[in-house]
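Hello,

Here is the structure we talked about. My notes follow below it.

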Amino acid sequence: MNASFGCNKVEQRVEPAKKAAQIIYKKLVGCLQSQQGLEPERRMKKLPLMMLSVSMAESFKDFDGDSSIRKVLEMCCFMQNFLARTLADFEMKLEKAVLVPLNKLSEEDLPEILKNKKQFAKLTTDWNNARVRSQASTGPQAKQDGLREDVEEAWKRLESIKDQYSADLYHFATKEDEYASYFIRLLELQAEYHKVSYEFLEKNIIELKESHTHTEPQMSSSEKKVFGEPLLSHLESCGRKIAVPIEECVSMLLRTGLREEGLFRLAAAASVVKKLKSCLDLGTVDQNEFSYDPHAVAGALKCYLRELPEPLMTFELYTDWFKAAAEKETDEKLKQLRTVLQKLPTENYNNLRYLVQFLSHLSEQQAVNRMTPSNIAIVLGPNLLWPRCEGSTSLLDMASASSVQVVTVIEPLIQYSKILFPEGTGTLHKGSQTFFLSAKPLKRCLHRTRQLSCRAPTAKICLHWTRQSDH
């Protein structure tokens, strides 16, 4: 009977396919270093690599800042963190693309076919037995009629299961290539994971060795540093409206930093911040690499603002900002703040607006990241506005002395950003959230010769910076 279906070869593959799917599924689960079903962050935290990263972070704190052991451990901590995230991402993709389909194949699809095969064999036996009894019967006519009815009923049941079993085998035959592709996908994911990990390690080990031997990357005479350069000079040399560090750092923080607790407040590894600053100077930032350490990105952004020769909100308007913030009535305060904003040079206004809109969006996640407009103003305000230094008074001392006042200026800028910066913007939908952004591609500086080395062609996002003509 089986031969009549022309499915012998296909039929013989079902049981081995089920066995292979079961065994490989169990072995792959045993290879996982994280627990199945967990969300990404919880999954990553349970990885041995992440525990190693945490241990390194705890260890380097005992060394002074000039210790070479500390500097190497800081970078190792950063690298192990990246490797842990890469592994967690690989295992999540593996679970979705390989483990789940294999489990369904071995526990649902193929067992159903084998169940129908078993039922088909049973009903074939039942039909043959009924037929033998009918043919051998020599009893009364009524008994023979009853046996013939049994044969007909057994045949109907057999025909029904035969059709179902034939359909199952046909479906298996048409899907066999797809089932085989699960194992190809496993190899592709492994190749991708090892490639990303290897390239990251190779690049960072070279840089770590260079740093360890006190060799700094050389810049050509045509290239200028970004950090410490006047804002207008930097923007003109780049042919852009938003400073490279501000735009790059905001772009990375939008990807991974919005829900990070204590962003801009918690310190990052100094060596990682230093490396990111160097990459920003050279125009060689790999966002895929640094996005995994949002505190380092936030730290680099604070450094850029702090190292500007003149604060983003300018020395000239220092007193005007405090006068505007001192207004008691909210409407009048906003009116005065808007007046001061109109006095800013165009390049300062564009960059301040870009940054404040991001900070406003960051504060919308305060239930998770604990960064209210007030908290953001406390940690970031002194990097945006400080008085002109007189005599031997240090910038740090001047900024500290005015930090309480600065909060009264920065907090309403963040809190009422949509009122104070009413220019039309595009929107970016991020899950259930909407952020006022423009999906304009980042323009690289004209004097940069090296491009971003992102591993995947991802579209970059940037805040809309265009100033209205009436400003």
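Helix H1 (residues 8-31) has 24 residues and spans 35 Å from first C-alpha to last. That is close to the 34 Å expected at 1.5 Å a residue, taking 1.5 Å times one less than the number of residues. Helices here are DSSP runs (H or I, at least four residues), numbered from the N terminus. The model is predicted: local features need pLDDT of at least 70, side-chain atom pairs count only at pLDDT 80 or more, and totals for chains, interfaces and linings use all residues. Residues are numbered from 1 along each chain as its sequence is written, and side-chain values use heavy atoms, leaving out hydrogens and water.

H1 kinks by about 25° at Val-14, shortly before Pro-16. The bend is the angle between axes fitted to the seven residues ending there and the seven starting there. Val-14 is also buried, as are Val-10 and Tyr-25, among others in H1. Buried means under 20% relative accessible area (1.4 Å probe, protein chains only).

Now the cores. A nonpolar core is a set of buried Ala, Val, Leu, Ile, Met, Phe, Trp, Tyr and Cys residues joined through side-chain atoms within 4.5 Å. The largest has 82 residues, and Phe-264 and Trp-321 touch the most other members. A second, separate core of 38 residues includes Trp-127 and Tyr-182.

Leu-305 lies in helix H10 (residues 294-307). It counts as buried because its relative accessible area is 0%. Leu-305 and Asn-383 are 78 residues apart in sequence, yet 5.6 Å apart in space, C-alpha to C-alpha.

Best wishes

Technical notes
Buried means under 20% relative accessible area, exposed over 50%, partly exposed in between (1.4 Å probe, protein chains only). Helices (H or I, at least four residues) and strands (E, at least two) are DSSP runs, numbered from the N terminus.
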